[in-house]
Amino acid sequence: MSRGSAGSGVIGPVEAAIRTKLEQALNPEVLELRNESGGHAVPPGSETHFRVAVVSSRFEGLSPLQRHRLVHAALSEELAGPVHALAIQARTPAQWKENPQLDTSPPCLGGSKKSRN
């Protein structure tokens, strides 16, 4: 299984919990997890914004919405508490083979008061 984490290389407790729960719930072939909190208006060391790529045969035959629901169910505790944003790429092994990359999030604008100029 592929693993990934961006940033300082230090894995915090929320990131560790996300990784463990997704491994247990989905038995992924690939699990790439990126803590993107540092790119947002949060204190240093925060674990509030994540991007995850989960590649699992459990996703075969499921719509994107059904796949996201499986991820949300596995992470219900984190999504109800410390995690503010979770970008999900939920793919089958064949889909990942076609495009094996974790997408990049756009830069944070600091809330709704800033415009995209």
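The model is predicted, so local features are reported where pLDDT is at least 70 and side-chain atom pairs count only at pLDDT 80 or more, whereas totals for chains, interfaces and linings use all residues. Residues are numbered from 1 along each chain as its sequence is written, and side-chain values use heavy atoms, with hydrogens and water left out.

Helices (H or I, at least four residues) and strands (E, at least two) are DSSP runs, numbered from the N terminus. In a regular strand the side chains alternate between the two faces of the sheet. In β3, His-49, Arg-51, Ala-53 and Val-55 point one way, while Phe-50, Val-52 and Val-54 point the other way, and all of these residues are buried.

With β2 (residues 30-35), the pairing is antiparallel and extends over six bridges, and within it Val-30 stands opposite Val-55 of β3. With β4 (residues 85-91), β3 runs parallel and is joined by seven bridges, among them one in which His-49 has Ala-85 of β4 as its partner.

The loop between β2 and β3 holds Glu-36, a residue that is itself buried, with a relative accessible area of 15%. When its neighbours within four places in sequence are left aside, Glu-36 is in contact (heavy atoms within 4.5 Å) with His-49, Phe-50, Arg-51 and Ser-105.

Side chains of opposite charge can pair when their charged atoms come close. The criterion used here for a salt bridge is a side-chain nitrogen of Lys or Arg within 4 Å of a carboxyl oxygen of Asp or Glu. Glu-36 and Arg-51 form such a salt bridge, with their closest N and O atoms 3.6 Å apart. This pair links distant parts of the chain, since Glu-36 sits in the loop between β2 and β3 and Arg-51 in strand β3. Arg-51 is buried, with a relative accessible area of 10%.

The whole structure contains five salt bridges, including one between Glu-15 and Arg-19, whose closest N and O atoms are 3.8 Å apart. Both residues lie in helix α1 (residues 13-26), where they are four residues apart, about one turn of the helix. Glu-15 is buried at 1% relative accessibility, and Arg-19 is buried too, with a relative accessible area of 5%.

Another salt bridge joins Lys-21 to Glu-77, the closest N and O atoms being 3.1 Å apart. Lys-21 lies in helix α1 and Glu-77 in helix α3 (residues 76-80), so this pair ties together parts that are 56 residues apart in sequence. Lys-21 counts as partly exposed at 23% relative accessibility, whereas Glu-77 counts as exposed at 58%. Glu-78 also takes part here, as Lys-21, Glu-77 and Glu-78 are linked in a network of salt bridges.

Key
Buried means under 20% relative accessible area, exposed over 50%, partly exposed in between (1.4 Å probe, protein chains only). Two strands pair if DSSP finds at least two bridges between them.
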